[in-house]
Amino acid sequence: MAPIIILIRHGEALHNIDDDWGMPDPGLSEKGIEQCKALAAELEPNFPFAQGECRIVVSPLTRTLQTVQYGLQWLRDRGVATEVRAEWQETTNNPCDLGAEPSVLQNEWPDLDFSSLDPIYPQKVGLYEASEEAFQRRASFAKRWLFKQPEKCIVVVTHSGFLKRVLGGPRFRNVEYRTYELVEESGDLKLKEINRDIASREPA
């Protein structure tokens, strides 16, 4: 059975304050850090999945990594692994959406799993180029990968632009999360929204 998918947009980042897309790989603002702490307080008390049933997947950009740091550390403290994957990065070629080299990331985040990070990252070529055709290919690749995973739940921390391609809408607010199941329709995979409050859902 395919896992339940929780999709989370990162907290407010520094470039979100004034729409400064020229800011290189920005981190979270103070407001964004507080948003992540509030997210943790909402999710942690009744999260229904055990350590071995869950995995965190995160975009390699600083704002998503910090969202895991401040919003999901409680889950990591339970022993849930965090896997950094390139397909969940943001879509544009703007400096705000261009990440650091993998060697730099691994030094800054030594407790995260970079073993599956595409070595082509952070180049915006191939699957990651800034074109609508590539966005759709990447979205399909991301859903197929999720569908094959053995866990009961995968928590994904990513970006509004890519979420739009994965889901076909809606636009997520900062730290907004929604819960989905993967269903096959006409030979394609769709993410079908289920009970938004994951804390009230009993695991299968």
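Biologist: Asp-25: buried or exposed?
Modeller: Asp-25 counts as buried, because its relative accessibility is 14%. Buried means under 20% relative accessible area, exposed over 50%, and partly exposed in between, with a 1.4 Å probe and protein chains only.

Biologist: What am I looking at, and how is it numbered?
Modeller: This is a predicted model, with residues numbered from 1 along each chain as its sequence is written. Local features need pLDDT of at least 70 and side-chain atom pairs count only at pLDDT 80 or more, while totals for chains, interfaces and linings use all residues; side-chain values use heavy atoms, without hydrogens and water.

Biologist: What pLDDT does the chain average?
Modeller: The average is 94, and 96% of the residues score at least 70. pLDDT is the predictor's confidence in each residue, from 0 to 100.
Modeller: Over residues 199-204, though, the pLDDT is below 50. That stretch has 9 contacts in the model beyond near neighbours in sequence, a contact being heavy atoms within 4.5 Å.

Biologist: Back to Asp-25. Where does it lie?
Modeller: In the loop between α1 (14-18) and α2. Helices (H or I, at least four residues) and strands (E, at least two) are DSSP runs, numbered from the N terminus. Asp-25 also has a positive phi of about 35°, although it is not a glycine.

Biologist: Which other residue has a positive phi although it is not a glycine?
Modeller: Val-175, with phi about 60°. Val-175 is in the loop between α7 and β5 and, at 15% relative accessibility, counts as buried.

Biologist: How many residues of α7 are buried?
Modeller: 6 of its 8, so the helix is mostly covered. Among them are Phe-162, Leu-163, Arg-165 and Val-166. The buried residues of α7 pack against β1 (4-9), α6, β4 (153-158) and β6 (188-193).

Biologist: And α3, how many there?
Modeller: In α3 (residues 62-71), 8 of 10 residues are buried, including Arg-63, Leu-65, Val-68 and Gly-71.

Biologist: How do α2 and α3 cross?
Modeller: The axes of α2 (residues 30-43) and α3 come within 8 Å and cross at roughly 50°. That makes α2 oblique to α3: angles under 35 degrees count as roughly parallel, over 145 as roughly antiparallel, 65 to 115 as roughly perpendicular and the rest as oblique. Axes are lines fitted to C-alpha atoms, for helices over the stretch in contact, with angles from 0 to 180 degrees between N-to-C directions.

Biologist: Which residues meet there?
Modeller: Ile-33, Cys-36, Lys-37 and Ala-40 from α2 meet Thr-67, Tyr-70 and Gly-71 from α3. The residues of this contact divide into 4 nonpolar, 2 polar and 1 charged. Here Ala, Val, Leu, Ile, Met, Phe, Trp, Tyr, Cys and Pro count as nonpolar, Asp, Glu, Lys and Arg as charged, and the others, Gly among them, as polar.

Biologist: New topic, peptide bonds. What is the omega between Tyr-121 and Pro-122?
Modeller: About 10°, a cis bond. Pro-122 lies in the loop between α5 (102-108) and α6 (132-147). The bond from Gly-169 to Pro-170 is cis too, with omega near 0°. Pro-170 is in the loop between α7 (160-167) and β5 (177-185).

Biologist: Last one. What does Asn-16 touch?
Modeller: Arg-9, His-10, Gly-11, Trp-21 and Asn-174, not counting residues up to four places away in sequence. Asn-16 lies in α1 and counts as buried at 17% relative accessibility.
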